[in-house]
Amino acid sequence: MQAATKVTERTATAASGSPVTILAFAGDIASTSKDAMMDAYHGVDASVSKVLLDFTGVDYINSSGIAIIIQMLLEASKAGGRTIAIFGLTPHFNKVFTMVGVAKYASMSPDEPTALATL
Amino acid sequence: MKSGSNVEVYLPSELGFEKVALSTAASMATLMGFSADRVEDLKTAVAEACINAIEHGNRLNDMLSVSIVLSTTDDQLEIKVLDHGAGVSKHPESPDIDRKMHGDEDPRGMGMFLIQALVDEAEWYQGPPGKSFVRLVIRLDKENK
């Protein structure tokens, strides 16, 4: 019954000149999203040190979906040297992510240019 | 919308159907005059309450349904989400992102915290099968605070 999560990957360049991989999500972000999201994350080249998560195309996220993002942040932290940042959340989900503490481990920007400027 | 209006929704115990409940709650809150950001808060709280009922209360049993009763008064919208579980006996704890990031706490387990944080009242009641519920309230007098 959940709307399938679609993930597309593209590349960009950060303000610092570093290459960035952007994972753009669409559909629902819920427990059923785990395989699509984690498979996409695991598919990012190991040499990429900056990953942006794009939620512009997402309008439903629940706590199980946020847990998948925390899992991603945890893996990046354990691997060492990889930065994950977030952009494109609605103001409501920006607030929710801040409430549960995600903002402590991933910078959150309103849009892609702002996010790239922070990396 | 007339004060004292009641709407009941029954959901199958399948994840995803919580969106039917949150859409209904959002429609009623909008008709009552709640602001868009309060409606967004309510949608997340109702979704989390229904997910808990589907997953933990009814244990994804497709023979059981989750009941949602939405009731209005002049100044508040009350939503009860009932399931067939034993109910919640402990108060929600705030998620600790540092413990989650160190693998010391399950990355999940944020639903009850979000419910409590996003509505004006949230109470959990234990009851016999089909009678355990969480009661959520949002009040119009909180709109300008």
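**Group meeting: chains A and B**

In this predicted model, 22 residues of chain B are in contact with 24 residues of chain A, contact being C-beta atoms, placed from the backbone, within 7 Å. Helix 2 (36-57), helix 3 (97-101) and helix 4 (111-118) of chain B each give two or more residues to that side; helices are DSSP runs of H or I with at least four residues, strands are E runs with at least two, and both are numbered from the N terminus. Helix 2 of chain B has the largest share, 6 residues.

Residues are numbered from 1 along each chain as its sequence is written, with chains lettered from A and ligands numbered from 1 in the order in which they are written. Local features need pLDDT of at least 70 and side-chain atom pairs count only at pLDDT 80 or more, while totals for chains, interfaces and linings use all residues.

Staying with helix 2 of chain B: helix 1 (residues 18-32) of chain B packs on helix 2 at about 150°, axes 8 Å apart. Axes are lines fitted to C-alpha atoms, for helices over the stretch in contact, and angles run from 0 to 180 degrees between N-to-C directions. The two helices are therefore roughly antiparallel, a term for angles over 145 degrees. Residues in the contact include B:Ala25 and B:Ala29 of helix 1 and B:Val46 and B:Cys50 of helix 2.

Now chain A. Its open sheet has 5 strands in the order 1-2-3-4-5, with mixed pairing; strands pair if DSSP finds at least two bridges between them. Strand 2 (residues 19-29) and strand 3 (residues 50-61) of chain A run parallel, joined by 7 bridges. A:Ala26 has A:Gly57 of strand 3 as its bridge partner.

Notes
Contact = placed C-beta atoms within 7 Å. Parallel < 35°, antiparallel > 145°, perpendicular 65-115°, else oblique.
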